[in-house]
Amino acid sequence: MPVRLVVNENNYEVDADPRRSLLAALRADCEVTSAHAGCADGTCGACTVLVDGDAVRSCLMLAVQCDGVAVRTAEGLTAGHPLRAALPGGHELCRPGLVMLAAGAMRHDGDLAADPGQMSRLLAANLCTCADHDQIKRSVVRAASLPPGASIAAIGPSDGPSPDATGP
Amino acid sequence: MKVAAMDYVAARSPDEVLAVLADGQASVLAGGQSLVLEVTSRAAQPRRLVDINRVAEFEVLDQTDGMLRVAPLVRHRVFESDAIDGPLGDLLRVIVRHIGHPPIRARGTMLGSLAYAHPAAEWPVAAAVLGAELDLAGPDGRRTLTAEQFFTGPFTTARRPEELLVEVRLPALPAGTGAGYAEHRRSHAKFVEGAAIVAVTVADGLVTGAAIGLVNVGPCPVRARAAEAALIGGPFCDAAIIEAARVAAEIDADNRAMTATRRGAIRMLTRRALTQAREGV
Ligand SMILES: Cc1cc2nc3c(=O)[nH]c(=O)nc-3n(C[C@H](O)[C@H](O)[C@H](O)COP(=O)(O)OP(=O)(O)OC[C@H]3O[C@@H](n4cnc5c(N)ncnc54)[C@H](O)[C@@H]3O)c2cc1C
Ligand code: FES
């Protein structure tokens with residue numbers, strides 16, 4: 001049963017054993033390297049992508065479920081998206097997932113980006129195993145509030161106020 | 001040749017879902033926030049999956065005549081909004097914020113959680129506290145069960161394999177009801193160690209109704225009936241709350257798995273949830 005995935009507006013025909021996760025199909029067949037398999041059980045959020053506009057764990061969806069549905073990954077953030085500033089060349093395990101978590105929530109709540117406290121509480125939904133988690137999260141929080149198209153230089157580590165507590 | 005180990009059907013209508021379920025060999029795929037992991041890890045190997053996510057009729061949430069009707073595709077996150085009014089809406093809102101994370105709540109469903117019957121899940125206990133009616137649809141028509149009849153053990157319910165949990169009805173809480181929720185959880189990515197869900201109704205200064213539910217305290221959702229009885233008829237005061245919490249912690253007296261630590265936690269959680277409920281009366 002072939003399945004058509006629409007990832008960042010490109011079409012891919014993927015082999016869809018119905019037991020295959022969306023995450024596995026994205027990485028193997030759709031040229032996506034930003035979504036990572038961290039825990040593969042829904043806990044960490046390294047696999048977070050947008051499905052039909054919602055930030056979801058791609059390890060907890062089946063590829064067959066996404067036949068014809070719009071999927072967006074960090075690679076596909078549109079040119080003017082403020083969160084592009086939080087994506088330097090390389091991808092740490094957690095960063096693209098944090099960015100997509102924020103991107104999904106910002107679609108639902110236009111005021112979210114202006115509220116660093118709420119933004120960093122949201123980001124507590126995703127985990128990270130490296131030492132830079134707080135700094136990465138801060139860069140996502142700051143990028144969210146930037147004007148569209150701002151550059152990575154605008155979010156150096158010492159720039160701007162530190163957001164509130166990083167959640168529970 | 002590779003043989004497909006599992007079939008997948010994306011149903012378009014309620015009838016199609018029931019038709020696929022009819023031979024008892026299929027599993028319902030709702031939010032997938034429990035089932036997908038079981039499938040991808042091969043922990044569960046259903047012959048067939050029937051995906052209900054494209055059945056538009058199943059997204060309905062309806063609140064009329066003092067009854068909230070929840071269909072199979074109503075996601076957890078719907079209960080975060082102020083779509084549901086009154087004390088019932090307040091209680092569902094305070095509970096749902098603790099279920100998983102936003103991406104889990106964007107997919108997971110209330111009915112999926114009830115059907116899954118995880119012993120540490122919140123919705124099954126909420127259903128017991130609120131006096132929910134659960135409708136199952138199968139080849140022989142519909143039947144309605146109470147939460148007590150529906151939950152039969154950990155991850156086990158009275159649902160037959162060919163049945164769909166098709167609607168859950170939650171009656172509105174009367175005016176003058178305060179609701180409360182308190183939990184002990186090691187991490188927000190985990191299920192609770194324990195939690196208390198309460199709804200207490202006060203009229204003319206006296207408690208006229210009390211429901212106290214305990215999460216992850218038994219194989220099925222637990223109601224602390226003796227503690228409820230201790231509250232009813234008296235004032236909703238500090239002393240009454242302390243006494244009700246003490247009685248709640250005596251639950252299941254013969255169970256040796258209920259260590260002093262767990263009983264202490266039940267007492268503390270019940271007390272906190274009741275205190276919160278009093279503020280909302
Ligand atoms: C990281 C993480 C944290 C979580 N934390 C919590 C938590 O704190 N508290 C909590 O309660 N849950 C938690 N969950 C579980 C989550 O709430 C699930 O959404 C829920 O358990 C199942 O709902 P679902 O719609 O995703 O069902 P699915 O995963 O699609 O299905 C679960 C089971 O129910 C059956 N089923 C589903 N719908 C129906 C139906 N209408 N009729 C008959 N059978 C049906 C399926 O066949 C399957 O056996 C967590 C999950 C994750 C991944
Ligand atoms: S890999 Fe999906 S949540 Fe960790």
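This is a predicted model: local features need pLDDT of at least 70, side-chain atom pairs count only at pLDDT 80 or more; totals for chains, interfaces and linings use all residues.
Stop 1: Select the five strands of chain A, which form an open sheet with mixed pairing, in the order β2-β1-β5-β3-β4. Now colour β2 (10-15) and β4 (54-57) of chain A: these stand at the edges with a single partner strand each, so one side of each has no neighbour in the sheet. Turn the view to follow the twist, which averages 40° from one strand to the next.

**Stop 2: one strand pair.** Zoom in on β3 (residues 48-51) of chain A, which pairs with β4(A) in the antiparallel sense over four bridges. Which residue in β4(A) is the bridge partner of Leu50(A)? Pick Ala55(A) to see that partner.

**Stop 3: the helices across the sheet.** Show helix α1 (residues 22-29) of chain A, lying across β1 (2-7), β2, β3 and β5 (70-72) of chain A and running at about 110° to β2(A).

**Stop 4: the cores.** Move to chain B and show Phe79(B), Leu92(B), Met110(B), Leu114(B), Trp123(B), Leu170(B) and Ile197(B), the residues with the most contacts inside the largest nonpolar core, which has 44 residues. Helix α6 (residues 122-130) of chain B gives the most to this core, seven residues. Domain 2 (56-171) and domain 3 (181-280) of chain B each supply at least three residues to this core. Centre on Leu170(B); its contacts beyond four places in sequence include Gly66(B), Met67(B), Leu88(B) and Ala132(B). Finally, select Leu5(A), Tyr12(A), Cys66(A) and Ile104(B), which are among the 34 residues of a second, separate core.

Key:
Residues are numbered from 1 along each chain as its sequence is written. Chains are lettered from A and ligands numbered from 1 in the order in which they are written. Side-chain values use heavy atoms; hydrogens and water are left out. Two strands pair if DSSP finds at least two bridges between them. Helices (H or I, at least four residues) and strands (E, at least two) are DSSP runs, numbered from the N terminus. Axes are lines fitted to C-alpha atoms, for helices over the stretch in contact, and angles run from 0 to 180 degrees between N-to-C directions. Contact means heavy atoms within 4.5 Å. A nonpolar core is a set of buried Ala, Val, Leu, Ile, Met, Phe, Trp, Tyr and Cys residues joined through side-chain atoms within 4.5 Å. Buried means under 20% relative accessible area, exposed over 50%, partly exposed in between (1.4 Å probe, protein chains only). Domain bounds come from an automatic or database domain assignment.
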